[in-house]
Amino acid sequence: MGATELLPAPRPGPAAPSAPRGAGPSRFVRCLYLVGFLDFFGVSMVVPLLSLHIKSLGASPTVAGVVGSSYGLLQLFSSTFVGCWSDVVGRQYSLLACILFSALGYLLLGMSTSVCLFAIARIPVGIFKHTLSISKALLSDLVSEKERPLVLGHFNAASSVGFILGPVVGGYFTELESGFYLTSFICSFIFILNAGLVWMLPWSEEHTDSNENKQTTSNSKVTAKANYDLQVQSLSNGAMKYDTPLQSLWIPVVSVLKRIKSIACSDLWDIFLVRLLMSVAVMLYYSNFVLAIEERFGVKPKLTGYLISYSSTLGALAGFLLGPITRLYQHNTYALLLHSTVFTCVLIMLYSTAFSIWTVILSSTFLAFSTTVGRTCITDLELTLGGNQASGTLLGVGQSVTSVGRIIAPLLSGIAQEFSPCGPPSLGVGLALVAILIMLMNTPRYCSGRNAKLKSE
């Protein structure tokens, strides 16, 4: 089965709303940027404080590790299902559900006075914290394929700004009495505020724009958003033929399972494998960064923290450069991904063999750009090859693959550190080289498929 044949061809529907050249993102898209910012801002207020709080509750390091791993395991199994669910029921209601259940999780976290309550509070967040994936799927529904890397880059940049500011605000509130509980309640309120923003998004306006664009653009692509309306209507009509509510509820479940099976049987395995290898490689780079810098160059953790913040800021700025870069590559996402992967591999190698802190600063500077470009490109490539009608499922599978990396990376890092402080990044170089080899072996197939797709459009 080809990558572009994941699902049957959709029925004709409204065309994708796209702004005229030079008009900039629509109000709907700008609101989604704000959704991403608030999501990361709220989460980054709390996440750095979790280990300190569970320790204050009397948990041993082993128990704390098990509770922390449970979040990754829940994300691993829920990402694909929630993404596919958003394909079936539509982005609006799935996005609202994910935000509200995440708000519930952080509200429970603010009331956690024992390890048991702490673990329970992480369950709804682990299952439903997929706001960013669904937002990206929605963005891919609303913009053209050429605009998608730029829009996704801006969305990632807005989210990164929230990640930069959140720990500062969270650290300030932590200094107050019962600071962690106050921070958790504020995070929950931010998610509720985000839900209100999603509810007030001009969904009807976007639907109207789609209908108008259909009349004026004869060869436009069919959006997944319009396809959802048709799917939901079809499901509703089909449900009327059954006598019991159980049979009616079974229809969306079957649809979700069919979509997941389509992804599993596709030929996108190498793209997901590249995502896994590069995710683990970058995680290995950061896994013992603070400890390794102190041991190798005598740099104190405080200064290393400044270096990490500096890199995060550059990563956010890199999102705004994706437009000129993709135009330079003539929108050849695969070539851009290959070159950014090679660049990332070289920079990690430079860091692992560095003889001075200035070499580390140099590698961190450019690595912030290369990883941002690579992360956006591989997401865009998954959507291009898999088809927009399965965008939620594809992004969900991608998040599951990244979750696997989060589980594997700490284990590999611990083993590599037994040999040398440079062991984890050196292992990351090896994994990046394997990813580059896989991409080189598949370059003719994907480049020819992309050219054929662009000609058909």
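Predicted model: local features only at pLDDT ≥ 70, side-chain atom pairs only at ≥ 80, totals over all residues.
Close-up 1. With a relative accessible area of 1%, Asp39 is buried, because buried means under 20%. Leaving out residues up to four places away in sequence, Asp39 touches Lys129, Thr131, Leu132, Phe191 and Asn194.

**Close-up 2. The contacts of Tyr106.** When residues up to four places away in sequence are not counted, Tyr106 touches Val43, Val46, Arg122, Val125, Ser184, Cys187, Ser188 and Phe191. One of these contacts, Arg122, has its charged end over another ring, that of Tyr71, at 4.6 Å from the centre of that ring.

**Close-up 3. Thr183 in helix H8.** Thr183 lies in helix H8, and its relative accessibility of 1% means that Thr183 counts as buried. Apart from neighbours within four places in sequence, Thr183 is in contact with Met45, Val46, Leu49, Gly170, Phe173 and Thr174.

**Close-up 4. The span of helix H7 and the kink at Leu165.** Helix H7 comprises 27 residues, and the distance of 39 Å from its first C-alpha to its last is close to the 39 Å expected at 1.5 Å a residue. Within H7, a kink of about 25° lies at Leu165, shortly before the proline Pro167.

**Close-up 5. The aromatic pair of Phe180 and Tyr181.** The count of aromatic pairs comes to seven. In one of them, the rings of Phe180 and Tyr181 have centres 6.0 Å apart and planes at 80°, so this pair is edge-to-face. Phe180 counts as buried at 9% relative accessibility, whereas Tyr181, at 24% relative accessibility, counts as partly exposed.

**Close-up 6. The aromatic pair of Tyr285 and Tyr351.** The ring centres of Tyr285 and Tyr351 lie 4.7 Å apart with the planes at 65°, and the pair is therefore edge-to-face, since planes over 60 degrees apart count as such. This pair links distant parts of the chain, with Tyr285 in helix H12 (residues 269–287) and Tyr351 in helix H16 (residues 333–352), 66 residues apart. Tyr285 counts as buried at 1% relative accessibility, and Tyr351 counts as buried at 0%. Together with Tyr286, the residues Tyr285 and Tyr351 form one aromatic cluster. Arg296 lies over the face of Tyr351, at 5.3 Å from the ring centre.

How values were computed: Residues numbered from 1 in each chain as written. Heavy atoms only, no water. Contact = heavy atoms within 4.5 Å. Helix = DSSP H or I, 4+ residues; strand = E, 2+ residues; numbered from the N terminus. Buried < 20%, exposed > 50% of the residue type's maximum accessible area, 1.4 Å probe, protein only. Expected span 1.5 Å × (residues − 1). Bend = angle between axes of the 7 residues up to and from the residue. Phe/Tyr/Trp six-rings, centres within 6.5 Å; stacked < 30°, edge-to-face > 60°. Lys NZ or Arg CZ within 6 Å of the ring centre and 35° of its normal.
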